[in-house]
Amino acid sequence: MQAAPFETMDDSPDIDRSFGAQSVASDERRARIRRVFEAVAPRYDLMNDLMSGGLHRGWKRTLARRVAACSGQVIDLAGGTGDVARLLLGPGRQVTVIDPSTAMMDIGRRRRGMQGVHWLHGEAEQLPLADASVDLLVVSFGLRNATQLFRSLQEVRRVLKPGAHFACLEFSRPRAWLAPAYDLHSRWVIPALGAAVARHPEAYRYLVESIRRFPDQAEFATLLRQAGFAEVHFEDLLFGIACLHFGTCPHEFARVRTSPHESARVSTSQQQFA
């Protein structure tokens, strides 16, 4: 029997009610996260290289290989500067980055190799897309920054066509023997790098804490099933430091007709795909 979805804020994942180590209301979480990414946008990709020793690039290439067979309308959710979107470009694909940070997307637009990538401002909790309009949706290190995680997963399922694919690359829980060293690195080294390179140590303390609060491999797989995804499975990367999660939209998924107001919003937003 399928588990019941989260009905109230008290039932929602712990990460929805936090900013770093602090407990905050949903609106405050949203505002603070937006400020973080506006602040770190100019050096965000450099910091990712330093924090992971460049490993995040290999993980993203692995993500791209796992979804190589998918074609059609492709969404890179929380795509930021578009490094994953660039890997997803190819014949038979229309690739769009959706991100709430215009600062991050502005940096991506100016980069080489982005011809053919479309850019659309939007949030995971309220995607500016029509029902059943997407063939593949990926998100890379972005869902933990959503204001409401479970609602975001429901939105992803809403916009996927029946049988379409979802793939999520996110930090997760490393093996027990690796956890102490990883904990020291994330607790002390990453904020120090944030201070030295990005000049925003508090922003990187938040990012580290968001990793700690994000559901682990099994917990996130359960959330995907609760949100209505089928064929849910995951693949650990580097002993569980990162993880690839996969799911599909069931063919029998019955979608609720979009309201007239929602239809108008979607129609206006989708003009940007052209």
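Predicted model: local features only at pLDDT ≥ 70, side-chain atom pairs only at ≥ 80, totals over all residues.
Seven strands build an open sheet with mixed pairing, in the order S5-S4-S3-S6-S7-S9-S8. Its edges are strand S5 (117-121) and strand S8 (230-237), each of which pairs on one side only. From one strand to the next, the twist averages 20°.

Within this sheet, strand S6 (residues 134-140) and strand S7 (residues 160-171) run parallel and are joined by 6 bridges. Val134 has Leu160 in S7 as its bridge partner.

## Helices across the sheet

Helix H5 (residues 102-109) lies across strand S4 (93-99) and S5, and runs at about 165° to S5. Helix H6 lies across strand S3 (72-77), S6 and S7, with a direction at about 145° to S7.

## Helices H6 and H9

Two packed helices are described by the angle between their axes and the distance between the axes. For helix H6 (residues 149-159) and helix H9 (residues 217-226), the axes come within 9 Å and cross at roughly 50°; H6 is therefore oblique to H9. The crossing of H6 past H9 is right-handed.

On the H6 side, Leu149, Phe150 and Leu153 meet Phe220, Leu223, Leu224 and Gln226 of H9. This contact has 6 nonpolar residues, 1 polar residue and no charged residues.

## Helices H2 and H3

Helix H2 (residues 44-52) packs against helix H3 (residues 55-66) at an angle of about 100°, and their axes are 7 Å apart. H2 is therefore roughly perpendicular to H3.

Here Asp45, Asn48, Asp49 and Ser52 of H2 meet Leu55, His56, Arg57 and Lys60 of H3. The contact of H2 with H3 has 4 charged, 3 polar and 1 nonpolar residues.

Terms used
Residues numbered from 1 in each chain as written. Heavy atoms only, no water. Axes fitted to C-alpha atoms, helices over the stretch in contact; angles between N-to-C directions. Helix = DSSP H or I, 4+ residues; strand = E, 2+ residues; numbered from the N terminus. Parallel < 35°, antiparallel > 145°, perpendicular 65-115°, else oblique. Contact = heavy atoms within 4.5 Å. Nonpolar A, V, L, I, M, F, W, Y, C, P; charged D, E, K, R; others polar. Left-handed = near helix turned anticlockwise from the far one by under 90°. Pairing = 2+ DSSP bridges.
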